[in-house]
Amino acid sequence: MKFGEYLCKNLTSEWSSQYIQYEDMKEILYEFQSKAPLINEINQNLIRQQYFVDVDQEFFQFCEKELTKINTFFAEKLAESLLRFDFLKNEFEYIEGNGEDRHLTVINKLYKSDQSDLNLSNENKMKLRESISKIRLKRFQKHEHIKLNDFKLGLSEFYLMLIILKNYQTLNFNGFCKILKKHDKLFETNRGYQWRMLYIDSASFYKSIRVDELINEVENFYTNKLANGNRSRAMERLRVPPLEEKHSSIVTFRLGIYLGMILILIPLLILLTLLIYNNQSSKEIDWRAGLHLYRSSFLIIFHMILFGINVYGWSINGVNHILIFEIDPRNHLTYEEILEISTFLMVLWLISLNLFFLLFYYNIYPFIQPLCLTILLILILINPLKIFYKNSRYWFLKKLFRVFIAPYYRVDFVDFWLADQFCSLEIIFFDLEYFICFYVNENNLISSQSIHSSVCNGSSQIILQSFFQFFPSWFRFAQCIRRYYSTKEKFPHLVNAGKYLSTLFVIITNALRRFNNFDYHQNKYENPFLYLWILTSLISSIYKFIWDIKMDWGFFQNNSNENKYLRQQIIYEKKFYYYAAILINFFFRFIWIINIFIHFNSLFGEYSDITGFSFAFIEIVRRFIWNYFRLENEHLNNCGQFRAVRDISIRPTHNLNQNNLQQTQNDNTIITINNEIPMTTMNHEQNLTNYSLIRRKTNAEEFIDEINNLLINNIN
């Protein structure tokens, strides 16, 4: 493998702009070589040599610029790592000290309680207090155990960042060695080797051993403090995942089996349907009931398949969805595993649907099948056994719970991303009313024709459907309000909340339109709520489309340069993908307009269930496309902040600031980096001595800001 390809595969994508620009430097060398004068006469040899001397001056200036960039970035990350490790050690002391203090406080409060409140003997009082003490201490120990596990996770993330930083050193050093060696080979000289010996071998980003020392310190800290001296157990916890996703042959094999079963079951389903349709003696299939009972589960499974394809696309294009979703990089599902699960569920769905038609053919309780399928899917999700990737399932359930209690919990990216997916699955909430009402009537379990409940007809049906439809948009609306509460930023959070509020108005006006259809069934044009529904739908669609393009995808930036109407940086290979996505998103956002014509056409109105399913299918495809560019935009934001690992904190923020401030005031703590801060190059060594003494701020962000200011001042 060529080094350029190796570099692209092994670099940290969030830091990509800070690595050596190896391919650019290689192109420069080849361009210089192609323009070199040919040797036809003796005096032209001198001209050629002078040409290469002039070229070297320009090339080595580029190398110096790259070395300055790398040294400077390494200085920032090393300083950040030193501060972070100091912070983590303080957190551990806080957990230990605070835990012991609270432990003693609980016991003292129990044994100093007022005895006059209990009409019991002294012996019974003592037994009661001991029982209460044990219960409370168990709860307390469980809480402290959770905090300690969070600390272990935070330390393992810090260890991962150190490995990434060490990899940054190695890749850049190898990059300089390779490009300078190529320089000497093309120009038939040794000036590249001399430049490397003079500047690269003594460069502080390469010469520094502080990262290796930090790695050893973290390993020893984890072994001694958190693993009871068991180094093998400590290293297992600190294990760094491979830079490239490893493929499991057994997963690939199972995925192939499930895909093969799908290819068999689909023709079987078509054949069975045609057989029943052509058999005049069989009863007519209640396809409307079957469609309502099966379409939601199909759309969920289909959405999972598309999400697996999303993950594949992100992986091959370097979009770090693992970091964006705050997933444990040591234990997460690959795209093959997601596709394995989703295709397996699709096999179950197709088997159930085939059985549904087969039981209809023989008139043997067909409507038991959709209920059994739904129960099976729920059991697969919530079962406590270590099958079907239990950790991932429980992670999903935890995030799902956070979506449901949005106003009462801090909202992270994965929370509102997941709620956005529900907004595209609005039909499953709409069908929830039908599913509940259908199986409330016990006769439907033993009948081959659906019997509608009297409770779920007319106005009560509209109310229930609208009520359930409210949930997806309400989740996102509540999340936006919570984000505003946490940040006090009106833009974008309150403006974003208005987008979901507009969807709620669409649901309300649509419900009113449907209510009044009974009164205006003779002339639907006279229904005033029809035009109100069209107006709110139009406003909501425009609102959502603009937000998609401008805010979620980050397009139409002023500094887009050659990426016209897009943004300055793009990841995916062809610009055509971006322009096509904008047009598709526009078309799919306004496809509901077809509903207006269906509303006035009684022939198409009879098949509104099918058109509703078609619109839901299209919306899921739109969300599939949306996911690519939404994650790309978030990834580029992380790249702009050079955020490559999760930042996990244990202590409450207000305690952190107060304790750090008090410690700074008491001991005037100073972080001394001394000679380990990388110098930029050549004449900048003396200027960067400002790094030697940097006072610790009350939080990491202020500290890094100070470093950035020093860097800018010294480089300028």
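Modeller: Let us begin with L358, which is placed in helix α12; helices here are DSSP runs of H or I with at least four residues, strands being runs of E with at least two, numbered from the N terminus. The model is predicted, so local features need pLDDT of at least 70 and side-chain atom pairs 80 or more, while totals for chains, interfaces and linings use all residues. Residues are numbered from 1 along each chain as its sequence is written, and side-chain values use heavy atoms, without hydrogens and water.

Biologist: With which residue does E157 form a salt bridge?

Modeller: A salt bridge is a side-chain nitrogen of Lys or Arg within 4 Å of a carboxyl oxygen of Asp or Glu. E157 pairs with R330, the closest N and O atoms being 3.7 Å apart. E157 lies in helix α4 (residues 122–187) and R330 in the loop between α11 (321–324) and α12, so the pair ties together parts 173 residues apart in sequence. E157 is buried at 2%, and R330 is buried at 12%.

Biologist: Which residues are linked with E157 in a network of salt bridges?

Modeller: The network links E157 with D328, R330 and R646. The count by this rule comes to 28 salt bridges.

Terms used. Buried means under 20% relative accessible area, exposed over 50%, partly exposed in between (1.4 Å probe, protein chains only).
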